[in-house]
Structure formats: C-alpha cells, structure tokens
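Please look over the model shown below before reading on. The briefing that follows is grouped by topic.

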Amino acid sequence: MSDFTITSAQNPKIKFLLGLQQKSSERRKANLFVVEGVRELMHCVNAGYKIDNVFRCPQILSDGKWEEISSSLSVDTSYFEVSPEIYDKIAYRGGTEGVIAEIVPQRKTLDDLCLPERPLIVVLESVEKPGNLGAVLRSADAAKADAVIICDPLTDLYNPNLIRSSIGAVFTVPVIACNSEECITFFKKNNISILTAQLQDSKLYYDTDMTCGTAIVMGTEATGLTNVWREAADAHIRIPMLGRLDSLNVSVSAAILLFEAVRQRNL
C-alpha cells in the first residue's frame, strides 16, 4: 500500500505527470507516457509494457478493480494514492475510473513484426491528427489487422489524444513508425501487395484482390499520398463518392477498406 496520499498540486510527482501529458518533448526526455483508465491500462499490461508508476484515487477506483490491476503489475512498479481533487486535476478525461499510470514506451521496428502468411496491414503516411490515428487503430483491431505502420509520422504515437481515441487499441495492434522508403522495401521483400487509396488512375476497391498479403496505404485528407507511394503501388483503389464531396475521413476510409479485405478473406 502507499504510505501517503498526495493532496497538493505542487507535489513534484504531480507536476512531472502533468508535464508528460502535455508535452511530447517531456515524454521523449523521460522515455515515459501516460495511460488512464482500467481498460486501457490492462491492455497495456497484457501487451507487455513496463509500468513505472501508478496513481490511484481510492474514492473512485473500486477495491475489486484495483486488485485486478495490482495483481498484474511487476514488483518494481511504484504507486501512489491521490485525493479526488488531485485526480480531477491530473485526469485527462472524465470517467477514467480513478487510475493513471506512467508507462515505458516500446520502440518496435519492421524487423520486430511477426506476420502470418497473408498479412493485412494498414499504412498511414504523415497522418497528423491523433484522433484520426486512434480511430484507425480501433478499426484495425476490429478487423484483426496484423499491423499499423505510420510512415513519416507527424504525431507522437503516445499522445494522450491518440491513446484515448484508440480506447487502448494502440496496445492491441502492433504499431510501427518508419519512413516510407524502408516500408516499401519491406513490402517488396516480403511479397506484400501495396494498394494505395487515391482518386486518380484507380479502380473500385471491391474489384481489387485483397486475399493475398495486403498493405492498404492512405495519406492525409488534405494532400493525399506522395508520389513515392503512388509509384510503388501494385494497384490504386478508390471508394466511390456519389455525392458532391470527393473524400472521406481517413479513419472511415480505413474501416471500409479493412472490412472489404475481411469480407474477401471469409468468402
């Protein structure tokens, strides 16, 4: 049990935690990031992440939930009790059940991927919005994709908004960050078909074979994919747009294309 309850916002541990939440530079410097909520924390534990510190508000987190969490933590994890007022200050969102933890990130590379014979992979090039990336990760988890690869990332993979919007899927799906060139080389070496989502010079997605090893590649909503991906593609695919607009949110597009691959593979 913790020897004391933190009740002051000036406590150095509280200031440090807030810094991790607010600044990617602090997360990089400390090699730590923050996770809130029982569900997210358990996904994190089950994925083999090292839990450094845990902050618990006993008035919010039930003893049963705490026993479930604490029984999964390693012996070198430290934890601290905080008052409801302090928890309200450090909670990034509401309804997170009274637990926040500082976690050591995992830095995986393409060589760390253990892929099946016909992998299904999502690639996002330079996607900037954490909420979009989190939503894509949820779809990838639902479709049981084998990996999500972020090429030339413009957002911190451990941004609190990303973790929140993914509801823990950032821990359930292998996520790799790399540059586009090395990713393309990896796909070519492993005979993984590159399908780029684009309007120009493309055919309808449901007329494209996704039963082989497949990488579905998408860019930003504003500028789309760069030429390096368009030229490397084995096929260009598009979702039919029947209204006046010519694009969908990248997370919606990812879900449509992922579940077309699921459909084809289960015929």
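How many helices and strands are there in the chain? The chain has 11 helices and 12 strands, where helices (H or I, at least four residues) and strands (E, at least two) are DSSP runs numbered from the N terminus. This is a predicted model, in which local features need pLDDT of at least 70 and side-chain atom pairs count only at pLDDT 80 or more, while totals for chains, interfaces and linings use all residues. Residues are numbered from 1 along each chain as its sequence is written, and side-chain values use heavy atoms, with hydrogens and water left out.

**Overall dimensions**
- Along its principal axes, the C-alpha trace of the chain spans about 65 × 40 × 35 Å.

**Burial and contacts**
- Of the 267 residues in the chain, 50% are buried, meaning under 20% relative accessible area, with exposed over 50% and partly exposed in between (1.4 Å probe, protein chains only).

**Aromatic rings**
- The structure holds 10 aromatic pairs; rings of Phe, Tyr and Trp (its six-membered ring) pair if their centres lie within 6.5 Å, and planes under 30 degrees apart count as stacked, over 60 as edge-to-face and the rest as tilted.
- One of these pairs is Y205 with Y206, which is edge-to-face at 5.0 Å centre to centre, with 65 degrees between the planes.
- Y205 counts as buried because its relative accessibility is 14%, whereas Y206, at 38%, is partly exposed.
- Ring pairs also link F33, Y49, Y158 and F171 into a cluster.
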